[in-house]
Amino acid sequence: MDALQFIKERRRMCVFYKGNCQECPARNCVCFNIDEMAIDDRIVSIIEKWAAEHPRKTRQSKILEQYPDARCDDNGWLVVCPALFVGNEHCPMDCLACHKQFWSQEVE
């Protein structure tokens, strides 16, 4: 996990627990100050583990929850044109880039 990913996942974990630090797996770590986080070796592994157990929900993952046998291309993206959902505007990028951008969008 790179530094930016760590910061994003740490923030996502805090939002998940809504400030209820007693429920958080990092409750015994100092995680609100970047300088103090650098001293505590445990925080990175805790956040990596939590992120693996709580994957981000994407448009694609939500569709696949309901339709697990939906067909995906060789790159793993659903074989459904995003224009069906967002209109027929011409996409300025190629299909693979368009599918990746659309289907990887995070949702609640």
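## Basis of the values

Residues are numbered from 1 along each chain as its sequence is written, and side-chain values use heavy atoms, with hydrogens and water left out. Because this is a predicted model, local features need pLDDT of at least 70 and side-chain atom pairs count only at pLDDT 80 or more, while totals for chains, interfaces and linings use all residues.

## Aromatic pairs

The whole structure holds five aromatic pairs. Rings of Phe, Tyr and Trp (its six-membered ring) pair if their centres lie within 6.5 Å; planes under 30 degrees apart are stacked, over 60 edge-to-face, and the rest tilted. F85 and F102 are stacked, at 5.9 Å centre to centre and 20 degrees between the planes. This pair links distant parts of the chain. F85 is in helix α5 (residues 83-86) and F102 in helix α6 (residues 95-103), 17 residues apart. Helices here are DSSP runs (H or I, at least four residues), numbered from the N terminus.

F102 also pairs with W103, this time edge-to-face: 4.9 Å centre to centre, 85 degrees between the planes. R59 lies over the face of F102, at 4.1 Å from the ring centre. For Arg, that calls for CZ within 6 Å of the ring centre and within 35 degrees of the ring normal. Elsewhere, F16, Y17 and W50 form one aromatic cluster.

## The buried side of α6

Which residues of α6 are buried? They are C98, H99, F102 and W103. They cover an arc of only 105 degrees around the axis, so they sit on the same side of α6. The arc is taken from the directions from the helix axis to the C-beta atoms. Buried means under 20% relative accessible area, exposed over 50%, and partly exposed in between (1.4 Å probe, protein chains only). F102 has a relative accessible area of 10%, and W103 has 2%.

The buried residues of α6 pack against α4 and α5. Q60 belongs to helix α4 (residues 59-66). Q60 is buried, at 9% relative accessibility. Beyond its neighbours within four places in sequence, Q60 is in contact (heavy atoms within 4.5 Å) with C72, G76, W77, L78 and W103.

## The largest nonpolar core

In soluble globular proteins, nonpolar side chains tend to be buried together. A nonpolar core is a set of buried Ala, Val, Leu, Ile, Met, Phe, Trp, Tyr and Cys residues joined through side-chain atoms within 4.5 Å. The largest one in this model has 13 residues, of which M13, A26 and I43 touch the most other members. Helices α1 (3-17) and α3 (42-53) each supply at least two residues of this core. The largest share, five residues, comes from α3.

I43 has contacts with F6, A26, C29, C31 and M37, leaving aside neighbours within four places in sequence.

## Cysteines

How many disulfides are there? The count is zero, with a disulfide taken as a pair of cysteine sulfur atoms within 2.5 Å. C24 is buried, with a relative accessible area of 7%. C29 is buried too, at 10%.

## The start of the chain

M1 lies in the segment before α1. M1 is partly exposed, with a relative accessible area of 42%. Setting aside neighbours within four places in sequence, M1 is in contact with F6, E9, I47, E48 and A51.
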